[in-house]
Amino acid sequence: MEFLRIARDNRVAIVTIDKPPANTLDFALYDEITSLVGRLEEDDSVRAVVVASAHPKLFISGADIKDMESYDRSPGPMTERVHKAQSTFLRLQRLAKPTVGAITGHALGGGCEFALCLDFRVMMRGGPTIGLPEVNLGLVPGGGGTQRLSRLVGRGKALELLMLGSRLDADEALAAGLVTAVGSDSEDTVGQARQLAARLADQAPLAVRLIKQAVNEGLDRDLDRGLQLERTAVVTALLSDDSREGVAAFLEKRPPRFEGR
């Protein structure tokens with residue numbers, strides 16, 4: 001891939017976004033993200049994923065605003081652009097492995113929407129901001145931001161951030177529930193993200209996948225349907241080899257050796 005680099009740290013895949021100068025989102029990067037998700041799903045040796053940026057001042061900058069002047073503003077092409085963003089980010093969110101973002105640069109607009117698709121976000125204190133400031137340009141977030149932000153921080157806070165176009169620093173984002181943890185500098189932020197991913201990789205992969213699926217799909221349904229999803233996940237986990245191994249390891253007072261089956 002041209003813009004995404006993948007390295008390995010045991011069972012953790014480290015994905016670095018490198019699309020100079022600003023990691024802007026376009027059709028080419030959307031296609032690589034979709035391809036990446038497919039590769040990660042097929043690799044059983046990967047149990048968790050960290051996403052970081054090669055550019056210290058930017059995580060992902062979203063769409064290039066200068067390019068907007070040349071957009072074909074008829075309904076068909078505009079709808080295609082929005083659908084591409086939404087479908088790509090939905091594919092990323094549905095990756096059946098836990099994902100952690102290491103946000104050491106600004107994550108605004110589409111960059112924030114990308115981050116919202118990840119399961120956890122660690123953000124650096126003292127520089128980067130995160131938010132959905134599209135309203136300041138007379139625009140509406142188009143990569144799922146209105147939906148995922150409200151599910152994450154609640155309706156009232158989401159409306160405040162969206163309608164005011166607020167940009168939050170790391171501590172403000174942590175207080176709002178937008179990020180999971182805060183790092184003191186770039187090294188600490190990436191280190192925390194990798195440490196969290198390593199802990200997730202040590203968990204039973206089948207159970208982790210089932211938990212992620214039940215939470216993500218249950219949020220979009222009523223409680224009865226959510227409980228049905230949970231029942232299916234529980235029974236699947238109880239019948240798995242990992243469950244037997246987990247119980248045996250507990251009784252034998254040893255670390256479990258999960259195989260994802």
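Let me start with Phe114. Leaving aside residues up to four places away in sequence, Phe114 touches Ile17, Ile33, Val51, Phe59, Ile60, Phe89 and Leu92. Keep in mind that this is a predicted model.

Phe114 belongs to the largest nonpolar core, which has 44 residues. Phe114 is among those with the most contacts inside that core, along with Val49, Val51, Phe59, Ile130, Leu149 and Leu178. Helix α1, residues 27-42, supplies the largest share of this core, with 6 residues. There is also a second, separate core of 14 residues, and Ala48, Ala52, Ala193 and Ala197 are included in it. As background, nonpolar side chains in soluble globular proteins tend to be buried together.

Now the cysteines. How many disulfides does the structure hold? The count is 0. Take Cys112: its closest cysteine sulfur is in Cys117, 9.7 Å away, and that is too far for a bond. Cys112 is buried, at 1% relative accessibility. Cys117 is buried as well, with a relative accessible area of 1%.

Last, the surface. Val234, Val235, Leu238 and Leu239 make a nonpolar surface patch of about 390 Å². Of these, is Leu239 buried or exposed? Leu239 counts as exposed because its relative accessibility is 61%, and the cut-off for exposed is over 50%. Leu239 sits in the loop between α9 (223-238) and α10 (241-251).

That is what I have.

Definitions and conventions:
Residues are numbered from 1 along each chain as its sequence is written. This is a predicted model: local features need pLDDT of at least 70, side-chain atom pairs count only at pLDDT 80 or more; totals for chains, interfaces and linings use all residues. Side-chain values use heavy atoms; hydrogens and water are left out. A nonpolar core is a set of buried Ala, Val, Leu, Ile, Met, Phe, Trp, Tyr and Cys residues joined through side-chain atoms within 4.5 Å. Buried means under 20% relative accessible area, exposed over 50%, partly exposed in between (1.4 Å probe, protein chains only). Helices (H or I, at least four residues) and strands (E, at least two) are DSSP runs, numbered from the N terminus. Contact means heavy atoms within 4.5 Å. A disulfide is a pair of cysteine sulfur atoms within 2.5 Å. Patches are made of residues with over 30% relative accessible area and no salt bridge: like charges are joined within 9 Å, nonpolar side chains (Val, Leu, Ile, Met, Phe, Trp, Tyr) within 5 Å. Accessible areas come from the Shrake-Rupley method with a 1.4 Å probe; for residues, only the protein chains shown count as cover. A salt bridge is a side-chain nitrogen of Lys or Arg within 4 Å of a carboxyl oxygen of Asp or Glu.
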